[in-house]
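Biologist: I would like to learn how to read side-chain contacts in a model. Can we work through a case together?

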Amino acid sequence: MRFLYFNTAADDAVCVPVHRVNQISHDADTSVHVEFLDAGAAGGILGTVEMTVTDGSEAKVVKEIARICSEGTKAVTTIADDTLSQYCHADLTAVGTITAA
């Protein structure tokens with residue numbers, strides 16, 4: 001099983017199985033969202049991670065996260081870690097919020 005890791009500057013973190021990714025989207029300038037599904041019987045949304053990216057690069061970051069989900073081979077891939085300043089794409093600049101449903 002493979003996981004995606006996200007960590008905010010406030011040190012709130014989530015590590016989610018790749019197969020639970022429901023969608024990767026951007027709905028505003030400088031904002032990218034990764035939404036995860038619940039494994040329960042209801043199959044609802046488990047949570048969302050909102051990230052900040054360089055203006056104009058939203059689509060590139062969405063595609064890179066999708067590529068990692070599709071082709072990645074690591075057991076745990078860091079998508080964004082504000083504490084260590086590690087990001088999967090040069091235009092990904094911060095984790096805004098991690099919201100559990």
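Modeller: Start with Arg67. At 36% relative accessibility, Arg67 counts as partly exposed. Buried means under 20% relative accessible area, exposed means over 50%, and partly exposed lies in between (1.4 Å probe, protein chains only). A word on the source: this is a predicted model, where local features need pLDDT of at least 70, side-chain atom pairs count only at pLDDT 80 or more, and totals for chains, interfaces and linings use all residues. Residues are numbered from 1 along each chain as its sequence is written, and side-chain values use heavy atoms, with hydrogens and water left out.

Biologist: How many salt bridges does the structure hold?

Modeller: The general idea first. Side chains of opposite charge can pair when their charged atoms come close. The cut-off: a side-chain nitrogen of Lys or Arg within 4 Å of a carboxyl oxygen of Asp or Glu. The structure holds three salt bridges.

Biologist: Which residue forms a salt bridge with Arg67, with the closest N and O atoms 2.9 Å apart?

Modeller: That partner is Glu64. Glu64 counts as buried, at 18% relative accessibility. Both residues sit in helix α1, three residues apart, so about one helical turn separates them. Helices here are DSSP runs of H or I with at least four residues; strands are runs of E with at least two; both are numbered from the N terminus.

Biologist: And what does Glu71 form with Arg67?

Modeller: A salt bridge, with 3.5 Å between the closest N and O atoms. Glu71 and Arg67 are four residues apart in helix α1, so they too are separated by about one helical turn. Shared partners join Glu64, Arg67 and Glu71 into one network.

Biologist: Which residue forms a salt bridge with Lys60?

Modeller: Asp91, with the closest N and O atoms 3.7 Å apart. This pair links distant parts of the chain. Lys60 is in helix α1 (residues 58-71), while Asp91 is in the loop between β7 (86-87) and β8 (92-100), 31 residues apart. Lys60 is partly exposed, at 48% relative accessible area. Asp91 counts as buried, at 18%.

Biologist: Now rings. How many aromatic pairs are there?

Modeller: Rings of Phe, Tyr and Trp (its six-membered ring) pair if their centres lie within 6.5 Å; planes under 30 degrees apart count as stacked, over 60 as edge-to-face, and the rest as tilted. The structure holds one such pair. Phe6 and Phe36 are edge-to-face, 5.8 Å centre to centre, with 70° between the planes.

Biologist: Which parts does the pair tie together?

Modeller: Phe6 lies in strand β1 (residues 3-7) and Phe36 in strand β4 (residues 31-37), so the pair ties together parts 30 residues apart in sequence. Phe6 and Phe36 are both buried.
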